[in-house]
Amino acid sequence: QVKLVESGGGLVQAGGSLRLSCAASGLIMSDYAMGWFRQAPGKEREFVVAISRGGSMTNSHDSVKGRFTASRDNAKNTVTLEMDNLKPEDTAVYYCATEWTLSGTRTGYRDDEYDYWGQGTQVTVSS
């Protein structure tokens, strides 16, 4: 059974930083691209960052480029999202998700292409 568990969310002031982690189990991590998505109250879920199976490629939404960085450690079955210079508009529940793929460079941004999802972790940025 595949399970994804996010952690690291919390309350931070604007300009601050947070590190989110996603621990995966029940799968071979290196078979999956990983994505981070977020959903703010009253809004649709949106793409944040994706990282390829081996971690060599990333793809970020324009709104987080230069501020958010994804990394992964397949040996430890974890994916990390470093978030710097946080803004109030980054407030949302953040989810990690897996996308099974044969491609070593795939970094999809569509949520309907992702297979498994975590339960989410709340990030709140105060102004």
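Guide: The protein chain has eleven strands and zero helices. Both are DSSP runs numbered from the N terminus: helices are H or I with at least four residues, strands are E with at least two. This is a predicted model, where local features need pLDDT of at least 70, side-chain atom pairs count only at pLDDT 80 or more, and totals for chains, interfaces and linings use all residues. Residues are numbered from 1 along each chain as its sequence is written, and side-chain values use heavy atoms, with hydrogens and water left out.

Visitor: How many of the residues count as buried?

Guide: Of the 127 residues, 44% do. Buried means under 20% relative accessible area, exposed over 50%, partly exposed in between (1.4 Å probe, protein chains only).

Visitor: Which residues have the most contacts inside the largest nonpolar core?

Guide: Met-34, Trp-36, Val-48, Phe-68, Leu-81, Met-83 and Tyr-94, in a core of 28 residues. Such a core is a set of buried Ala, Val, Leu, Ile, Met, Phe, Trp, Tyr and Cys residues joined through side-chain atoms within 4.5 Å. Strand S3 gives the largest share, four residues.

Visitor: Switching topic. How many disulfides are there?

Guide: The search of the whole structure finds one. It joins Cys-22 to Cys-96, with S to S at 2.0 Å. The cut-off for a disulfide is a pair of cysteine sulfur atoms within 2.5 Å.

Visitor: Which hand does the link of Cys-22 and Cys-96 have?

Guide: Right-handed, with 55° about the S-S bond. Cys-22 lies in strand S3 (residues 18-25) and Cys-96 in strand S9, so the pair ties together parts 74 residues apart in sequence.

Visitor: Are Cys-22 and Cys-96 buried or exposed?

Guide: Cys-22 is buried, at 0% relative accessibility. Cys-96 is buried too, at 1%.

Visitor: Now the rings. How many aromatic pairs turn up?

Guide: Five, from a search of the whole structure. Rings of Phe, Tyr and Trp (its six-membered ring) pair if their centres lie within 6.5 Å; planes under 30 degrees apart count as stacked, over 60 as edge-to-face and the rest as tilted. The centres of Phe-37 and Trp-117 are 5.0 Å apart and their planes are at 55°, so that pair is tilted. Phe-37 sits in strand S4 (residues 32-39) and Trp-117 in strand S10 (residues 116-117), so the pair ties together parts 80 residues apart in sequence.

Visitor: How accessible are Phe-37 and Trp-117?

Guide: Phe-37 is buried, at 1%. Trp-117 is partly exposed, at 25%.

Visitor: What about Phe-47 and Tyr-109?

Guide: Their ring centres are 6.4 Å apart with planes at 70°, so the pair is edge-to-face. Phe-47 is buried, with a relative accessible area of 10%, while Tyr-109 counts as exposed at 53%.

Visitor: Which residues do the ring pairs link into a cluster?

Guide: Phe-37, Phe-47, Tyr-109, Tyr-114 and Trp-117.

Visitor: What lies over the face of Trp-117?

Guide: Arg-45, at 3.8 Å from the ring centre. The test is NZ of Lys or CZ of Arg within 6 Å of the ring centre and within 35 degrees of the ring normal.
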